[in-house]
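Here are some notes for a first look at this structure. Please read them with the model open beside you.

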Amino acid sequence: MLVLNVTYITKPGMRDSFLAKVRELQMAEKSRAEEGNVAYEYHIPLEGDDRIFLLEKWNDEEAFAAHTKEEHFLALGKIKNEYVEETILEKYSV
């Protein structure tokens, strides 16, 4: 299984706007519906007003690679340019 810990650090004051766009895209629902997805969960940390944590679990690297070609994933990349200052990605094979 492939596990990804993704931390988005949004531009100051932009977290809620970014989350609204993510919801509008139905990012979680569409990603969960993809073949090979085990989990796709957004979380708001208690500390850090401009942080969002995303836990992704995929059956394997191939399933994740297919995810990166999906229309909703590509759309997320475009809105990240507007709202996100930094993305920290940790990837684990378990």
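Which residues lie nearest the centre of the largest pocket?

1. **The pocket centre.** This is a predicted model. In it, V6, Y8, E56, F73 and K80 lie nearest the centre of the largest pocket. The space inside comes to about 180 Å³.

2. **What lines the pocket.** At least two lining residues come from each of β1 (2-10), β3 (51-58), α3 (61-67), α4 (71-83) and β4 (84-93). Helix α4 gives the most, with 4 residues. By type, the lining holds 9 nonpolar, 3 polar and 2 charged residues.

3. **The core.** Turn next to the largest nonpolar core, which has 20 residues. Inside it, L4, Y8, F18, Y40, W58, L76 and I79 have the most contacts. At least two core residues come from each of β1, α1 (15-25), α2 (27-32), β3, α3 and α4. As background, nonpolar side chains tend to be buried together in soluble globular proteins.

4. **L76 up close.** Leaving aside residues up to four places away in sequence, L76 touches Y8, F18, V22, L25, M27 and Y42.

5. Which residues of α1 are buried? They are R15, F18, L19, V22 and L25. These residues sit on the same side of α1 because they cover an arc of only 120 degrees around the axis. The face turned away from that buried side carries the exposed residues D16, R23 and E24.

6. **Where α1 packs.** The buried residues of α1 pack against β1, α2, β2 (37-43), β3, α4 and β4. Among the contacts from this side, F18, V22 and L25 are touched by L76. Just after the helix, Q26 takes a positive phi of about 55 degrees.

7. **T87 on β4.** Is T87 buried, partly exposed or exposed? T87 lies in strand β4. Its relative accessible area is 34%, so T87 counts as partly exposed, between the limits of 20% and 50%. Beyond residues up to four places away in sequence, T87 touches V6, T7, Y8 and K80.

8. **A pair to check.** Look at T87 and R51 together. They are 36 residues apart in sequence. In space, their C-alpha atoms are 9.7 Å apart.

Terms used:
Residues are numbered from 1 along each chain as its sequence is written. This is a predicted model: local features need pLDDT of at least 70, side-chain atom pairs count only at pLDDT 80 or more; totals for chains, interfaces and linings use all residues. Side-chain values use heavy atoms; hydrogens and water are left out. On a 1 Å grid over the protein atoms alone, a cavity is a set of points where a 1.4 Å probe fits but cannot get out, and a pocket is an open set with protein on both sides within 12 Å along at least five of seven lines; lining residues have an atom within 4 Å of a point. Grid points are joined across faces, edges and corners, and a volume is the space filled by probe spheres set on the points. Ala, Val, Leu, Ile, Met, Phe, Trp, Tyr, Cys and Pro count as nonpolar, Asp, Glu, Lys and Arg as charged, and the others, Gly among them, as polar. A nonpolar core is a set of buried Ala, Val, Leu, Ile, Met, Phe, Trp, Tyr and Cys residues joined through side-chain atoms within 4.5 Å. Buried means under 20% relative accessible area, exposed over 50%, partly exposed in between (1.4 Å probe, protein chains only). Contact means heavy atoms within 4.5 Å. The arc is that of the directions from the helix axis to the C-beta atoms.
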